[in-house]
Amino acid sequence: MEKLLELDNLHVSFQTYGGEVKAVRGVSFTLEKGESLAIVGESGSGKSVTSKSVMRLLPNKIGFIKEGAIRFQGKDLAKASEREMEKIRGAEISMIFQDPMTSLNPTMTIGKQIMEGLRKHQNMSKSEAKERSINLLKLVGIPNPELRVDEYPHQFSGGMRQRVVIAIALACNPKVLIADEPTTALDVTIQAQILDLMRDLQDKTGTAIILITHDLGVVANLAQRVAVMYGGMIVETGTVDEIFYKPKHPYTWGLLASMPKLNAESKELLAIPGTPPDLMNPPKGCPFAARCPYAMEVCVENMPDATDVSSTHKAACWLLDERAPKVEPPEEAVVGGAR
Amino acid sequence: MSMSERKLTPDLFRPANLDSGKSEEISKPSLSFWQDAFRRLRKNKGAMIGLFAIVFIIVFSLIAPSLSKYGMDDQELMRANLPPKIPGLEKVGFLGVDGVDIRGVDQYEMKNVPKDQNFWFGTDTLGRDQWVRVWKGTQISLYIAFLAATIDLIVGVAYGGISAFYGGRLDNVMQRIVEVLVGIPNLVVIILFIIILDPGILSITLALVITGWIGMSRIVRAQILSLKSREFVLASKTLGSSNGRLITKHLLPNTLGAIIITSTFTIPGAIFFEAFLSFIGLGIQPPTASLGALISDGFRSLRIYPHLAIYPASIMCILMISFNLLGDGLRDALDPKMRR
Amino acid sequence: MLRYITKRVFAMLLTLLIIATITFFLMKLLPGSPFNNQEKLSESQRYALNEKYGLNDPVPVQYINYLGKLAQGDLGYTFQFDGRTVNSMIVNGMGPSATVGFEALLFGTLVGLVLGIVAALRHNSFIDYGAMILAVFGIAIPSFVFAGLLQYYVGVKLEWLPVAFWNGPEYHILPAFSLSVGVIATVARFMRTEMLEILGTDYILMARSKGISKNAVIIKHCVRNSMIPIITILGPMAIALITGSLVIENIFAIPGIGEQFVKSINLNDYPVIMGTTLFYSFLIVVIILIVDILYGIIDPRIRVAGGKS
């Protein structure tokens, strides 16, 4: 497979009044052509910041890439000029945001909003762009696209708006689509429709997807590979099967345990006690140590390195060290009874 | 694994006793809403300067007139139109308080004013001490403004509160009335009102209030309406709280911020309108004077005796700016959503 | 939309009727008629004149006649000049008043918009702080104080511009500028807040993620959307301009409606006071109505919602 996007030791910080918030601290992953990768983590884990860094859409002057590279087809986006980025955004990499209610301009017809990117990147005439917009709306499953293309966002329901947002993102056939919590703000029934649509479109267009979510259900639905983020770092990566059936990091166990299951009759949902680390003064050792039920003295002071579990599966945890005691994942973290 | 491994001894791989609660400790002391708001207000430099200037001007307007031996309307044509003279500051040329007029003549010498007589703000065309008149005028302007703001507050809160709290048909009728009143431009109402009542402190205040309370009532109504449907009020109601308790414990305290902000902006508005009325000849009648009346009189002889307008105009500008700064600061501190 | 407009027009007519009624009964309460102050007239002549203008009729009849005349736009006669109508005075004063008001509105809005946009784009910079300090001054300092100071320093001391009167374009600058200060400040503050809010929205991020250049996003999405709510402050701003013009015209001796109005107040010329008051009410009520309708037309969210109901 062909390497499309590669993040190498990315560090992103925010300058605030209180000091520097180190939101992303050394994230590395690769994305291959046509593949879908999910980045999972709780709020504040740095997953959205990572995706915004790839688009270079961090808040001006406050957020900045401190270190590391974002290589897209061999080109380092971390060092690209604003003008170069404009050519990449929308055309090569595009993005879907969490809340479809706020991610469309309320005073512009959706047709115009789809056409904007087309006119910029593909030099289409107005009529060509409009025709393509109608086709795109049809593609994402909006009925009567010829009429709806001239309507305003508030005339669409939430699910329909997210379809429009997807149409905008896919307008120029990008190679990478970053979906930042694309279903969080939607009703459950609509969530499934949107996920189906995204999988469908991926089959048709071959776009690689980076799916950012805190919902493991969404991950199982759409992704092939998963990266679990915590405290601005990736703590575990692997294929969906590896993460769900052979998780190695206690934080992943916690995430899996806190997922509601149908067969667990009387068991309570398990919460992970404590709060995420303060990224203004991040802990020296493992970011999860303070909340980890298996924490060892080594975890507090020393940062664990990523250990290979298999060729596709890596986890950064001291428990994988041969000197550490053998620990079995808790029963609640086991999906479908397989161990 | 990296080189750091070498330093790791096996005994480090024992379970650590970490207090998981530690990560949830809150390091800052918790503040009540008002403490927090006050802290935010204190941080706002503009608002604090404004507050200080307002307090200074209020205190000064009360004590300053007694620093002169003349009264508000002690006329003496022999000493008319004297430029300001402040002993001690005479040498500081750019302040223009050396008793010399714009033509370079020392009016104090020309008019044979005794050496020990100094008029800090000069005198007006009738020889009245401008210092006394300016500060007395400040008093009157502030009095009108505060009175108008207080009446606005009482009427507006009562009307808006009743309308929103009881709701239903009463609210409907009360709001229809407000709608008609809002349509009538306040400029028109104020002018008509003063023409019938003859200008005076009370009639000007009444004219300001007759339209002013509407704004307050609308804000209070909107606030209470939105509070009424909030969960904490519903919860209190479900637990059997009386109307009185709902109003005093839940609705009013949460509306107070908006009320304070609105009142802070009512005051400069009232000062402005009072001055405006003076300008179109409907203001306070002589010998009493407000800031507006003094500025209006001063403008008539601005070319020859600029000091007559400059002092009251400066005080008025400082007051207006201070109240606006304080209002902005209060709004940011109490209700960041109201910004705009 | 049509139903909304009809409802609003009726509400407007009701407001005007109330104002007209108040003015009429006030006129009856106040002493004097157009002819009582002319001592040359004999009793019989005065009676004849009163008869001619219907002043001997019972008050309710006069009220109906008054409303009838008002409906035709007839505001009656002034006390100041023989046989001159209030209408002709308003028409005469209209030119200068409208000119100054319009110049102030245009200049103030343009400068205010630019100032607000620049302040928002350079948020938390010295330009931002400077612009907002200026805005507080502009909002707080009454236009007439500003006018007086300008007249004194620019007109009298520096002699750069004419001190007063209305004899050519250079005479417009000081009064229009004094009037526009409040407009600049209000528009700048409003625009800045609006811009900052929109700059933080997801749809701006979305637009940028399409690869549109920063400037294009700012102009096409941000400025455009920020300007729509500006319409809502046009009403209060027009009222502030009319209020300001009363004094500004007086200070700069501009022969406009405001100057005549103030003169009439000082001369107790009640028909002109009432007539001009009514005229101002009409103007303000109509401006607010137009602004509301305009807002409905320009903002698609309201436009469509209104169209469905």
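These questions and answers take a predicted model and ask what lies behind the terms used for it.

Q: What makes strand 1 and strand 2 of chain A a pair?
A: Two strands pair if DSSP finds at least two bridges between them. Strand 1 (residues 3-16) and strand 2 of chain A share 11 bridges. They therefore count as a pair. The sense is antiparallel. In this setting, S13(A) stands opposite K22(A) of strand 2 of chain A.

Q: Why are strand 2 and strand 5 of chain A said to stand at the edges?
A: The sheet is open, with 4 strands of chain A in the order 2-1-4-5 and antiparallel pairing. Strand 2 (19-32) and strand 5 (75-76) each have a single partner strand, so one side of each has no neighbour in the sheet.

Q: Which strands of chain A does helix 1 lie across, and at what angle does helix 1 run to strand 2?
A: Helix 1 (residues 47-55) of chain A lies across strand 1, strand 2 and strand 4 (63-72). To strand 2 of chain A, helix 1 runs at about 70°. That angle is taken between N-to-C directions.

Q: How do you know where chain A divides, and how far apart the domain centres are?
A: The bounds come from an automatic or database domain assignment. Domain 1 of chain A covers 3-223, and domain 2 covers 229-337. Taken over C-alpha atoms, their centres are 28 Å apart.

Q: What makes residues of domain 1 and domain 2 of chain A count as in contact, and how many do?
A: The test is C-beta atoms, placed from the backbone, within 7 Å. By it, 22 residues of domain 1 of chain A are in contact with 16 residues of domain 2. On the domain 1 side, strand 2, strand 3 (36-40) and helix 8 (216-222) of chain A each give two or more residues. Strand 2 of chain A has the largest share, 9 residues. By class, this side has 11 nonpolar, 7 polar and 4 charged residues.

Q: What makes up the side of chain B that touches chain C?
A: The contact takes 33 residues from chain B and 39 residues from chain C. Helix 5 (168-183), helix 6 (186-197), helix 9 (243-279), helix 10 (291-300) and helix 11 (307-334) of chain B each give two or more residues to the chain B side. Helix 11 of chain B gives the most, with 8 residues. The chain B side divides into 27 nonpolar, 3 polar and 3 charged residues.

Q: What is said to lie at L252(B) in helix 9 of chain B?
A: A kink of about 45° lies there, shortly before the proline P253(B). The bend is the angle between axes fitted to the seven residues ending at a residue and the seven starting there. Just after helix 9 of chain B, G281(B) takes a positive phi of about 85°.

Q: Where does UniProt list "domain: ABC transmembrane type-1" in chain B and chain C?
A: The unreviewed entry for chain B lists residues 138-327. That span is 85% helix and 0% strand, with its end C-alpha atoms 20 Å apart. For chain C, the unreviewed entry places the feature at residues 94-295. There the span is 83% helix and 0% strand, and the end C-alpha atoms lie 27 Å apart.

Notes. Residues are numbered from 1 along each chain as its sequence is written. Chains are lettered from A and ligands numbered from 1 in the order in which they are written. This is a predicted model: local features need pLDDT of at least 70, side-chain atom pairs count only at pLDDT 80 or more; totals for chains, interfaces and linings use all residues. UniProt positions are given in the numbering used here, feature names are shortened, and annotations may be inferred rather than shown by experiment. Two residues are in contact if their C-beta atoms, placed from the backbone, lie within 7 Å. Ala, Val, Leu, Ile, Met, Phe, Trp, Tyr, Cys and Pro count as nonpolar, Asp, Glu, Lys and Arg as charged, and the others, Gly among them, as polar. Axes are lines fitted to C-alpha atoms, for helices over the stretch in contact, and angles run from 0 to 180 degrees between N-to-C directions.
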